[in-house]
Amino acid sequence: MPRILSAPLPDAPLSSPAARVLSYDWPAITHQVDDTGSAILPQLLSPEECRTIAALYSDDCRFRSRVVMARHGFGRGEYRYFSYPLPAPIEALRTAIYPQFADLANRWNERMGIDQTYPADHADYIARCHAAGQTRPTPLLLQYGPGDYNCLHQDLYGGLVFPIQIAILLSVPGEDFTGGEFVLTEQRPRMQSRVDVVSLQHGDAVAFAVHHRPVRGARGSYRVNMRHGVSRLHSGNRHTLGIIFHDAQ
C-alpha cells in the first residue's frame, strides 16, 4: 500500500496550484479540447500537494457522502463528494480553471443548438445552479485498490451541466499502482466508437468533455457522446481528484 501523508490541507492563502493555472497556454489547451475532446495540464499539482489532498480521504468531516461503486453497478472502488465549504485550494482551482473554458463551452452550445450559456465567473454559474435546485457540491476524491475499476459514465447531476471537467492523478503510476488507465470514449453517429487512453503522470490533470461535444463534419457540426472511466488496477492503490464545475441536485 502506498504511504499517504496525513498533513492537514492548508486553507489559506490562495494555493500555488491556482496561481499555476495562469501559466498554461490556454489557447492551445482549449483548441485541443475542442479538436479531440481532452487535453492534459501537466504537473498541475506538486507531489506534496497530491499526497496532502489524497490524505483527506479518511477525514469524514470534509465530505457529504461516500459511494461504494459495486453497490450501484458503477464498477469497483469508492469515492467521496466534498461538502461545502470546499478545502480552499480545491475551491481556488475550481474558480481559476472554470473561466478558461467558459468561452469554449458557450461556443460548443451554440454549435450544438443548445439554449444555455455560461457566465465568465464561476461564482455566478454556481449561483445559477443553486437557483435551479442544484446545491450539492460535486468535487470528489476517488480511491481504487487492486482489481478496482470505474465503468464508463458521465457526471451530469441535473439540468445544468458545464460541458468540461477536470481529473487530477494524485498517485504515482508504476510505483503506487499499475493498470488503472484513464479512458475516454467518443460515440459518433452511425459510426463505431473511438477510444482514447490518456497517459497521466503524478500531478497531471486531464480536461475532458463531460457529455456532448460538437465535431465539424462535411455538413456542419454534429454531436458526439462522450464517456469516461478507469481501467482495472493490476496492483497498488490509486487516488484521483475530480473537479466538476456544476453542482448536483
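Predicted model: local features only at pLDDT ≥ 70, side-chain atom pairs only at ≥ 80, totals over all residues.

Me: In which element is the place of Asn225?

Reply: Asn225 belongs to strand β13, which covers residues 220-230.

Me: With which side chain does the side chain of Asn225 make a polar contact?

Reply: The partner is the side chain of Gln154, and the polar contact spans 2.8 Å.

Me: How do I decide whether Asn225 is buried or exposed?

Reply: One compares its relative accessible area with a cut-off. A residue under 20% counts as buried. The relative accessible area of Asn225 is 16%, so Asn225 is buried.

Me: How does one look for empty space inside a model?

Reply: Rolling a probe the size of a water molecule over the atoms shows where empty space is left. In this model, the count comes to 1 cavity of 30 Å³ or more. The largest cavity holds about 40 Å³ of space.

Me: Which residues line the largest cavity?

Reply: The lining consists of Thr36, Ser38, Leu184, Thr185, Glu186, Arg194, Val195, Asp196 and Met226. Two elements, β9 (182-187) and β10 (194-198), each give two or more residues to this lining. Sorted by class, the lining has 3 nonpolar, 3 polar and 3 charged residues. Thr185 and Glu186, which belong to the lining, are also among the residues that Asn225 touches.

Me: Let us turn to the backbone. Which residue has a positive phi of about 50° although it is not a glycine?

Reply: The residue is Gln43. Gln43 is found in the loop between β1 (38-41) and α3 (47-54). The cut-off for an exposed residue is over 50%. Gln43 has 59% relative accessibility and therefore counts as exposed.

Me: What is the phi of Tyr157?

Reply: Tyr157, likewise not a glycine, has a positive phi of about 75°. The loop between β6 (149-153) and β7 (164-169) contains Tyr157. Its relative accessible area is 23%, so Tyr157 is partly exposed.

Me: Finally, how should I read a peptide bond: is the bond from Tyr84 to Pro85 cis or trans?

Reply: One reads the angle omega. For the bond from Tyr84 to Pro85, omega is near -5°, and the bond is cis. Pro85 sits in the loop between β4 (78-82) and α5 (88-112).

Conventions. Residues numbered from 1 in each chain as written. Heavy atoms only, no water. Helix = DSSP H or I, 4+ residues; strand = E, 2+ residues; numbered from the N terminus. Buried < 20%, exposed > 50% of the residue type's maximum accessible area, 1.4 Å probe, protein only. Polar contact = N/O pair within 3.5 Å; in protein donor to acceptor, adjacent residues only side chain to side chain. Contact = heavy atoms within 4.5 Å. 1 Å grid on protein atoms, 1.4 Å probe; cavity = no way out; pocket = protein on both sides within 12 Å on 5 of 7 lines; lining within 4 Å. Points joined across faces, edges and corners; volume = space filled by probe spheres on them. Nonpolar A, V, L, I, M, F, W, Y, C, P; charged D, E, K, R; others polar. Lists of a residue's contacts leave out its neighbours within four places in sequence.
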